[in-house]
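This report describes selected features of one protein model, moving from individual residues to the core, the cavity and the annotated segments. The sequence and structure are shown below.

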Amino acid sequence: MPFFDNARLILIFLVVFGHMIQPFASDSQLINSIYAFIYIFHMPMFIMLAGFFAKGIGEPKYILNLAKKLLLPYLIFQGLYTVLYFLLGREEWYTGILHPQWAMWFLVSLFCWHILLVLFKRIPAVASILAAVFIGLAVGYVDLSSYGLSLSRTFAFFPFFLAGYFMTKEHVKLIKTRSLSIAGIIFMMALFTFIYLFINVDVTLDTGWLSGAVAYRRLEAEISGGLMRLIIYILAALLIISMIALIPSGDFGWLTKMGEKTLYVYLLHGFIIQPFREFEILWYNHWYETFWFVLLSALVVIVLSSRPAVALTRPLVELKWKK
């Protein structure tokens, strides 16, 4: 079903674009609004799609193969990013194996979500997802940062992975209607307008709320933190439904094919973004320069998912030389 590759391509573009504009979020109301808007849903939806393709859990040697597919690349790229940060002169260049560098938390959490799935898939879908939401809300009241392994993110985002596991192609078809597409556009425009008007550079939405990695007490919401995360869950779910309704299902040839290589882009784009940040290669002074970030992000996605890039880095990403 080309829809899933189209969706993954759009989401990996948003991942790269979000990392491109992040340093300028505090300098521009427009950039800050775009950043907050996409961070509400782009990783939750990315994670949900990962859950959709986790239906093979329970097969012989599945966990062992999963460890090889996720944990070994994690160790490799954890080491590579540590070397990169050392070469860039970062003071805290070494974090150890248990504390993921850059965006490597996703590999650790993805492995943990599969392990959790062994238990949660035995529970009826609705009850299972509600239980995961409750845990996701509750875990924010505990500071897990010192334990490493991205535990806070793992529990905070698990409801989306679980929803993806229980989701079927029939559910996707039910969502992809003209009425929901129109409603999705209206909702997305309304939410972005609200963020632009009220969540600006003077009233910044702390990214800790959107990353799922920070305990509520660090966000100065020791009591109301659970309610805030629940609101973000609801907004993310509505945006995901809107995106499913709007993302085309047609096959767009090489563009759709790029959606199969999102892991390469995810693991490699930091080697471009981090030097850009360190040497301040990028700048932002006017609203129309946002389009340059769009074009540059698209170029990064195209290059890193190209055949030469995939062939060159396959031993690191997939631990094999040939497809």
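Val 108 is placed in helix α4, which spans residues 105-120; helices (H or I, at least four residues) and strands (E, at least two) are DSSP runs, numbered from the N terminus. The model is a predicted one, in which local features need pLDDT of at least 70 and side-chain atom pairs count only at pLDDT 80 or more, while totals for chains, interfaces and linings use all residues. Residues are numbered from 1 along each chain as its sequence is written, and side-chain values use heavy atoms, with hydrogens and water left out.

Val 108 counts as buried because its relative accessibility is 5%; buried means under 20% relative accessible area, exposed over 50%, and partly exposed in between, with a 1.4 Å probe and protein chains only. Apart from neighbours within four places in sequence, Val 108 is in contact with Tyr 74, Pro 100 and Leu 149, where contact means heavy atoms within 4.5 Å. The C-alpha atom of Val 108 is separated by 22 Å from that of Ser 305, and these two residues are 197 residues apart along the chain.

**The nonpolar core**

A nonpolar core is a set of buried Ala, Val, Leu, Ile, Met, Phe, Trp, Tyr and Cys residues joined through side-chain atoms within 4.5 Å. The largest such core has 101 residues, and those with the most contacts inside it are Met 45, Ile 47, Phe 106, Trp 113, Phe 161, Ile 244 and Tyr 266. Helix α2 (residues 29-52) gives the most to this core, contributing 17 residues.

Not counting residues up to four places away in sequence, Met 45 touches Ala 7, Leu 11, Ile 240, Met 243, Ile 244 and Ile 247. One of these partners, Met 243, lies in helix α10. Met 243 is buried, since its relative accessible area is 9%. With neighbours within four places in sequence set aside, the contacts of Met 243 are Ile 10, Phe 41, Met 45 and Met 188.

**Residue pairs by C-alpha separation**

| Pair | Separation along the chain | C-alpha separation |
|---|---|---|
| Met 243 and Met 188 | 55 residues | 9.2 Å |
| Phe 194 and Ser 33 | 161 residues | 9.1 Å |
| Ile 186 and Ala 127 | 59 residues | 31 Å |

Ile 186 counts as exposed because its relative accessibility is 53%, whereas Phe 194, at 44% relative accessibility, counts as partly exposed.

**The cavity**

How many cavities of 30 Å³ or more does the structure hold? The structure holds one. On a 1 Å grid over the protein atoms alone, a cavity is a set of points where a 1.4 Å probe fits but cannot get out, and lining residues have an atom within 4 Å of a point. Grid points are joined across faces, edges and corners, and a volume is the space filled by probe spheres set on the points.

The largest cavity has a volume of about 110 Å³. Its lining is made of 13 residues, of which Phe 157, Trp 209, Leu 210, Ile 232 and Tyr 233 lie nearest its centre. Two or more lining residues come from each of α2, α6 (151-166), α9 (207-211) and α10 (225-246), and α10 supplies the largest share, four residues. By class, the lining of the largest cavity has 11 nonpolar, one polar and one charged residues; Ala, Val, Leu, Ile, Met, Phe, Trp, Tyr, Cys and Pro count as nonpolar, Asp, Glu, Lys and Arg as charged, and the others, Gly among them, as polar.

**Loop residues with positive phi**

Ser 150 is not a glycine, yet has a positive phi of about 55°. Ser 150 is found in the loop between α5 (125-138) and α6, and is buried, with a relative accessible area of 11%. Glu 220, also a residue other than glycine, has a positive phi near 60°. The loop between α9 and α10 holds Glu 220, which is exposed, with a relative accessible area of 77%.

**Annotated segments**

The unreviewed UniProt entry carries the annotation "transmembrane region" for several spans, including residues 150-168 and 290-313; annotations of this kind may be inferred rather than shown by experiment. Over residues 150-168 the chain is 84% helix and 0% strand, with the end C-alpha atoms 28 Å apart. Residues 290-313 are 92% helix and 0% strand, and the end C-alpha atoms of this span lie 30 Å apart.

Methods: On a 1 Å grid over the protein atoms alone, a cavity is a set of points where a 1.4 Å probe fits but cannot get out, and a pocket is an open set with protein on both sides within 12 Å along at least five of seven lines; lining residues have an atom within 4 Å of a point.
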